[in-house]
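I opened the notebook to log what I looked up in this structure. Entries follow in the order I took them.

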Amino acid sequence: MIVIGRFALLCCLVFSLGAVLLLGLGVRRRREELMRWGYLAVYGLFFSAVVAAAVLLEAFLARDFSFAYVAQNSDASLSPFYRIAGFWAGQQGSFLLWTTLLAIVAVAMAMRNVERIDRLTATTVAVVAAVAAVFTLLMVADRASDPFVAAAPATAGAGLNPLLLHPAMVLHPPALFAAYAALTVPFAYAIAALVLGDTGGVWLPGAQRWAVAGWLFLSLGIGLGAWWAYVVLSWGGYWGWDPVENTSLVPWLTATALLHAMIVYRRRGLLSRWTLALACATFWCTIVATWTTRTGLVSSVHAFQRNQTLVVILSSLLIVVAVVSVALLAVRWRRFGAAAGAAPVRAGDAAHIALDAALGALAAALLAATVVAPLAAGRTVGPQTYDLVARPVGVAVVLGLALCALLVPARRDGTGPWRALRWPLLVAAAALPVLLLTGDWRERPFGLVALEICCFAAAAVVVAVAASARRAAGERGPLAGLGRALVASRTRSAAWLAHLGVIVVVAGLIGSNVYAIHSSAYLAARTGASARAAGYTLRFTGFSQDTGPQDSQRTFAHFVVSRGGRVVGRIAPHTDVYAVDGAALRAVILGSLPRDLFVVVQDPFDATSAHLRLQVDVFPLVRLVWAGAALLVVAGGVALWPRRRRVAVAALEPGQETGLGRDEAREGAR
Amino acid sequence: MSKKAQRRLIVATVVLVAVFAVAMVYVVASRGAYYRQVSALSAADDGRDVTVGGAVVHGTIVRDAAGVRFTMEDLTGLPTTVRVTYGGQMPATFAAGVQVVVTGRFASGGDQITAAQLETKCPSKYAGKASPLPQTGLGQ
């Protein structure tokens with residue numbers, strides 16, 4: 001089977017290179033049959049990638065430990081669910097997954113372009129195939145990245161790391177790779193538009209959908225990673241400002257900027273070059289993220305071992321992408337500038353432009369601090385410094401978002417700013433006594449102001465929705481108006497949801513970061529012994545043991561938790577001892593919306609232990625982080641939901657086809 | 001958008017992005033801890049804040065009321081070690097053989113780091129299989 005896998009991998013390489021060559025020639029010579037052959041090669045790439053992936057998946061499912069990679073990342077006792085997760089538990093499988101996803105993306109684009117092949121799509125597919133070729137080359141050329149290496153005879157599985165045995169870990173890597181694959185498409189489209197000098201913006205609608213998909217999966221991947229770190233790793237939080245975490249946030253920032261620039265470009269015909277540059281930058285940042293993770297050149301908690309072939313290939317890819325993007329932008333700069341037209345900049349455009357500039361600046365700053373400074377100056381900063389910068393920035397983003405949502409329509413409609421601001425200001429004023437009288441919010445002035453701003457911003461989004469509902473309602477009732485307003489423009493509804501999601505996430509981050517309590521307790525493991533920490537009392541009631549998943553021997557330490565004299569729950573943090581992998585300490589979380597109580601025993605223990613050292617953390621409002629992240633994902637889904645036929649036909653009306661939207665067409669008509 | 005406004009916008013954005021990036025590099029380069037391999041620590045780093053990655057040596061973990069002490073070995077294969085003391089929050093994955101990244105003040109005299117921060121490696125790829133249990137003084 002290993003031979004089949006290897007052969008499929010070589011086929012991947014041949015077909016991807018063939019596709020690039022044929023499509024490139026076909027586009028250059030304007031010969032459709034060459035492009036058609038190129039698409040055939042893309043199908044070949046797809047099938048060989050699927051075969052390679054299927055061989056590896058089958059090896060995992062059949063517990064075939066003659067594959068070194070399977071032996072390293074699974075064992076006979078794993079359930080099928082986690083054996084599938086073994087596929088992307090290491091570097092080799094991750095690259096294969098990524099290549100397969102790229103092949104799926106390429107074939108999806110090729111299949112929709114068979115009737116009449118256009119040069120733009122053909123060039124785009126060629127770029128995607130070229131990226132797939134690089135990752136295939138990595139697997140073929142670098143032994144440490146090759147999933148199809150034979151194991152020494154009679155190898156038993158080493159087992160999946162017990163810390164990876166969590167549903168979030170099964171979904172987190174594929175979500176990130178799906179995001180990276182999807183974000184390749186806007187880049188490929190941008191390169192195609194630049195190469196062909198296609199200033200009409202025909203590439204926009206296609207690129208936009210993939211950009212939304214990529215942004216959705218990136219939000220999902222980052223959210224799941226944070227959740228897993230919080231629930232399983234007990235690092236005392238969900239975000240450590242580690243290089244790998246930071247470099248996954250950078251493309252999220254640029255992708256967010258890209259989505260906003262695309263809206264302005266599509267509707268108003270402005271920002272064409274920004275959009276192109278952001279599409280290239282976002283893809284480049286995804287490669288930086290991979291480069292950081294896989295090469296280990298920047299010290300990271302997540303980084304894989306250093307590896308020479310890998311460093312050379314990934315670094316070359318980084319340089320080539322950067323040089324090609326910058327060179328093409330420079331060559332086509334005037335052409336795209338001249339085609340941009342002279343639409344006046346309105347308040348809404350200005351808001352988008354300001355946001356894009358701010359997100360670009362944040363992404364550059366984060367990249368500079370995470371990657372450039374350690375490499376250039378050999379120094380790094382810790383989480384405290386990042387927190388110090390991130391807190392005001394996050395709150396400023398929320399405030400800016402709210403002010404734009406309120407003041408832009410006010411300016412457009414000619415109503416005064418105070419009229420627009422009054423409801424959100426009232427809500428913020430009403431929230432103040434609640435925040436002052438409940439909980440410990442008043443203890444941190446910054447946090448109090450930040451939470452006030454979040455209330456104000458959330459109210460601003462609601463006011464914007466209500467205003468649209470009122471306009472849409474006409475003769476009908478307000479509820480019908482709300483329904484119509486939500487259905488009328490999917491992009492707008494998605495934007496409302498996403499903005500609300502960002503506000504909720506920031507509120508959660510403020511609560512769980514600024515107001516977090518970290519403490520510890522040390523107590524005798526005697527029934528009735530109790531310890532106080534972080535405002536809670538934990539009373540020990542005894543040990544118990546059972547057999548957990550993967551035949552692990554679990555020892556639980558049972559506690560009754562009370563707060564202010566009232567019992568709030570029972571918890572049982574445990575040590576899991578695995579036959580092959582040693583022990584893992586499992587934290588428990590006693591959660592509610594106002595605050596999570598997070599308890600983990602600091603040293604492995606068994607039923608004979610005399611003392612227990614507990615880590616007791618309190619994370620207020622942390623649930624808002626997960627809720628907000630879920631809102632972001634839902635927002636992405638709403639934006640992606642297929643349009644109904646009626647709308648689809650309307651989208652093909654003249655004026656729309658150019659990619660320049662309604663506003664432009666309307667202005668042209670005046 | 002007029003040409004002039006466009007140019008102003010581009011210049012303003014580039015300046016904003018550049019200023020942010022340069023400011024961050026400056027902050028990190030002036031305030032940050034020095035990143036070092038264990039083998040690269042030298043007398044020149046005495047009294048500096050350093051960030052060092054390494055593996056926890058088996059049989060060296062001592063836990064007491066003050067926190068934890070252990071010896072960390074070089075990751076690049078050189079036979080260098082450094083001692084670490086740490087009194088803060090322990091990650092649940094800390095154990096002998098595990099790779100850790102510590103940040104703290106280095107004292108070359110005692111060849112010792114007083115860590116303010118300790119992180120264990122993310123278990124993306126699992127290498128060691130040694131059980132941490134014998135290291136922990138169970139049942140004492």
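I count two residues as in contact if their C-beta atoms, placed from the backbone, lie within 7 Å. This is a predicted model, in which local features need pLDDT of at least 70, side-chain atom pairs count only at pLDDT 80 or more, and totals for chains, interfaces and linings use all residues. Residues are numbered from 1 along each chain as its sequence is written, while chains are lettered from A and ligands numbered from 1 in the order in which they are written.

**Entry: A:Ala129 and the cores**

I looked up A:Ala129 first. Leaving aside neighbours within four places in sequence, A:Ala129 is in contact with A:Ser16, A:Ala19, A:Val20, A:Val42, A:Leu45 and A:Ala106. I then turned to nonpolar cores, meaning sets of buried Ala, Val, Leu, Ile, Met, Phe, Trp, Tyr and Cys residues joined through C-beta atoms within 7 Å. Buried means 20 or more other C-beta atoms within 10 Å of a residue's own, exposed means 12 or fewer, and partly exposed lies in between. The largest nonpolar core has 244 residues. A:Leu45, A:Ala106 and A:Ala129 have the most contacts inside it. Helix α7 (residues 167–196) of chain A gives the most to this core, with 21 residues. Another core, of 26 residues, lies apart from it and includes B:Ala55, B:Val101, B:Ile113 and B:Leu118.

**Entry: α5(A) against α6(A)**

Helices (H or I, at least four residues) and strands (E, at least two) are DSSP runs, numbered from the N terminus. For axes I use lines fitted to C-alpha atoms, for helices over the stretch in contact, with angles from 0 to 180 degrees between N-to-C directions. How do α5(A) and α6(A) pack? Helix α5 (residues 91–111) of chain A meets helix α6 (residues 119–141) of chain A at an angle of about 165 degrees, with axes 9 Å apart. That makes α5(A) roughly antiparallel to α6(A). The classes are roughly parallel under 35 degrees, roughly antiparallel over 145, roughly perpendicular from 65 to 115, and oblique for the rest. The crossing of α5(A) and α6(A) is left-handed. Left-handed means that the near helix is turned anticlockwise from the far one by less than a right angle; clockwise is right-handed. By class, this contact of α5(A) with α6(A) has 17 nonpolar, five polar and no charged residues. Ala, Val, Leu, Ile, Met, Phe, Trp, Tyr, Cys and Pro count as nonpolar, Asp, Glu, Lys and Arg as charged, and the others, Gly among them, as polar.

**Entry: α13(A) against α17(A)**

I compared notes with a second pair. α13(A) and helix α17 (residues 490–514) of chain A pack at about 150 degrees, with their axes 10 Å apart. That makes α13(A) roughly antiparallel to α17(A). Their crossing is left-handed. Among the residues in the contact are A:Asp387 and A:Arg391 of α13(A) and A:His499 of α17(A). The residues of the contact of α13(A) with α17(A) divide into nine nonpolar, three polar and two charged.

**Entry: two single residues**

A:Leu407 sits in helix α13 (residues 383–413) of chain A. Is A:Leu407 buried or partly exposed? A:Leu407 is partly exposed, with 16 other C-beta atoms within 10 Å. A:Ser609 lies in the loop between β10 (595–601) and β11 (611–620) of chain A. A:Ser609 counts as buried, with 22 C-beta neighbours inside 10 Å.

**Entry: chain B**

Chain B has one helix and seven strands. Buried residues make up 40% of its 140 residues.
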